[in-house]
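Thanks, everyone, for making the time this morning.

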Amino acid sequence: MIFDALFGARFLFKQERALGMEFFAQQMINGITLGSIYGLIAIGYTMVFGIIGMVNFAHGDVFMVSAFIALLLFLALTSVIGITWLVLAFIIVLLLAMFFTSVWSWTIERLAYRPLRGSFRLAPMISAIGMSIFLANFVQAVQGPRNKPIPPMFNETIAVTSGGAFDVTLAWKQIVIIAVTIILLTVFWYIVQKTPLGRAQRACEQDRKMAALLGIDVNRTISITFIMGAALAAVAGTLYLIQFGNVNFADGFIPGVKAFTAAVLGGIGSIPGAVIGGLLIGMIEVLWSAYVSSDYKNVAAFAILIVVLIFMPQGLLGKPEIEKV
Amino acid sequence: MTAAPPRPQTLGEKLPQALRETIIAALIAAGLAFPIIALGAEPDINNQLALQTRWSWVFTTILLAAGARFLAFTLETMRSRFVAAAGLLCAAFGLGTWYFAGVADPLLIGGTIVAGAAAIALGYFIDGDADVAPKKRTTVSAQDDTSTALAFIGIGVLVAFPLVMLFAFGEAGSLKWINNYGVQILIFVMLGWGLNIVIGLAGLLDLGYVAFYAVGAYTYALLATHFQLSFWICLPLAGIMAAFWGVLLGFPVLRLRGDYLAIVTLAFGEIIHLVLLNWVELTNGEAGILSIPRITFFGIPFTAEENGFAATFWLEFSPIHRTIFLFYLILALALVTNFATLRLRRLPIGRAWEALREDEIACRSLGINTTNTKLTAFALGAMFGGFAGSFFAVRQGFVNPNSFTFMESVWILAIVVLGGMGSQIGVALAAIVMVGGTELLRELDFLKQLFGPEFNPVQYRMLIFGLAMVLMMIWRPRGFIATRTPSIFLKKRKAVAADLVGEGHG
């Protein structure tokens, strides 16, 4: 009996393999949508790691908090203030969620990480793990443990192909997600590459001590990095809410780890790498659940993380780490 | 990197800054609290979310944040901080009574608030132009080695513990103390000591330690249910199995360091958890493995029958016998872990671990085989995790994947870190405080009177746990026992202060 279990074929390929190109195209669309969300979260990880060299464990939970903020604001706007035009409500929710999530992230950095700068190496990481646990349980305490569903929005679909073996469709929410991601990444890229603020950030990333000597307020720059990461996580949270239609206090951990995987895959510290990594992880996850086994889709993500870290620790676009004595 | 803003020196500077900081804290608290505390959403009958507002909660949050900031600022900058603290306590008492009791004596409330405010004002006034001297840090403190005597007393207390409890509370009353406190804490002490080999001695940050605990538990569960092997045969097998998995994990991660290593071990732990959850044919999935054979007294079962433990030893049958036996068993296992660790530290391999923690490159330059050193640390740490796992399975009688989540890993890690990495006694203390502390939360009935009958402190244990981890890192990042006793020394054994201990680079 135990031997049957051990040697029994576990990964039976699903029937969907027979559905051909159309099915594959549909999965690619779904994968890009999911990957956009992962990419937005991954930027927060990669920027913080680039600037202070710590894995901000609480970032996944900041993302979860932002999804809750978006949900509550959406309810307040539609039921209390009575905005009926969905597009307007969406834009207001997006902006407000970015603001309030930034306040959270700023406070977390100020209270839990800044006092530990210069402390021993594991301290910020353990503090971040504690913060992550605190955030999840705080949301559970104030918002309750149940799933929070919202009414579906942007749900109309456009048929891309029809008449074949499988109709490829594109839902409006997928268009919204991809469009918002592209717009925000452009804005964000402009800030990092073209403004004095972005220059200060890149300077701190290269050499914090030297940047401080040259008159850059390093603490302020780090705070702003956290705020930017949180703002993008808030966008991801709002989009996640639209895509999946509900949110739960425990929803921060798994997307957080996957986004971190994306950041590592793209090369930690590299912002374009985080986006590419996010898209890749999203696609791999969707294709894996479509063709192989949806039970093991998280195992696939974790396995990618391990494989990448072992064989390609600098990632796709990252710089190799040189060990100096 | 940049210097903190200069501390205010005079009364004229201090008070306005204190007030400004307080107002900023209140504003930030308002920003934090606005959507997520002020608004609540509960599904109604149609499963539509209905919005509720909870402004009183927001008000409380803002007050708390402002008060905490004012307190922190005052304590930070004032020399006469005790006067100020007393004043704040007074004021807080007054406000608290007002808030909770509603119609208490107005004279008392007003009096305490005024007295508190007066005390704070007095504190600021006395402080005047004094400046606050920075704290001095000692780097090396010499101390005598009294730990051996303490260890023997500790073991004596532990051996006597179940019997004392039995006499004090009777058979029914002592079950809770021996099982929930004694056995539970000792499991975590053992896991902490096992992980301490990997983190504290070898300096490899392992966030997936629970995987080995799970391997041990499932090894015993599967072998015992399928092949009817006894616990005493399964125990070494579970240890070997876990050590094998430790090596399997160790091989690929040899090149990784620090945070990367932490993340990979986390991923490994999650994979094991997900496989246990999804491989239904082997592990029975979420339902887990039920009716695992219980512990026997070296072959004599703890039953009421003729050949049972009670009858064999001419005792009256009681379920407490098994619990007491389990207590001594885990105590023995934990002490074996401790003894092995202490001995290993003196062997060449143990010194290699500690050298690896201090500086990997120097280690390699001196000809230490870092591959073997890391692998043995992983394997031995995992082995003790496996022992603890099979003990867990035999104690519970069933196992399911929910016992082996990432949170369990974090618990064990927190115990090691809060205890002070590398310090055996510190880890034991941390396990007692943390596991015992959360168990104690169940007993805090007076909180129910304060916050109403629906308040359940156990609900908030993870919240408190997370917050405690953050605060502990800020307050004492090196753990309870921050000093280290070197295993080799010249003439006199001296404790090494925290600042001088390398923390390892993974």
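I will begin with the interface and then turn to one residue in a helix.

What you see is a predicted model, in which local features need pLDDT of at least 70 and side-chain atom pairs count only at pLDDT 80 or more, while totals for chains, interfaces and linings use all residues. Residues are numbered from 1 along each chain as its sequence is written, chains are lettered from A in the order in which they are written, and side-chain values use heavy atoms, with hydrogens and water left out.

Taking contact as heavy atoms within 4.5 Å, 78 residues of chain A touch 67 residues of chain B. The area buried between them (accessible area, 1.4 Å probe, lost on being put together and summed over both) is about 6,600 Å², with carbon and sulfur atoms giving 76% of it. On the chain A side, A:Phe120, A:Arg121 and A:Ile126 lose the most area to chain B, together 10% of what that side buries.

How many salt bridges, meaning a side-chain nitrogen of Lys or Arg within 4 Å of a carboxyl oxygen of Asp or Glu, are there between chain A and chain B? The count is zero.

Now to B:Val247, which sits in helix α7 (residues 231-253) of chain B, helices being DSSP runs of H or I with at least four residues, numbered from the N terminus. Beyond its neighbours within four places in sequence, B:Val247 contacts B:Leu375 and B:Ala379; B:Leu375 is 128 residues away in sequence, yet 5.8 Å away in space, C-alpha to C-alpha.

Technical notes: Buried area = accessible area lost by both parts, 1.4 Å probe. Helix = DSSP H or I, 4+ residues; strand = E, 2+ residues; numbered from the N terminus.
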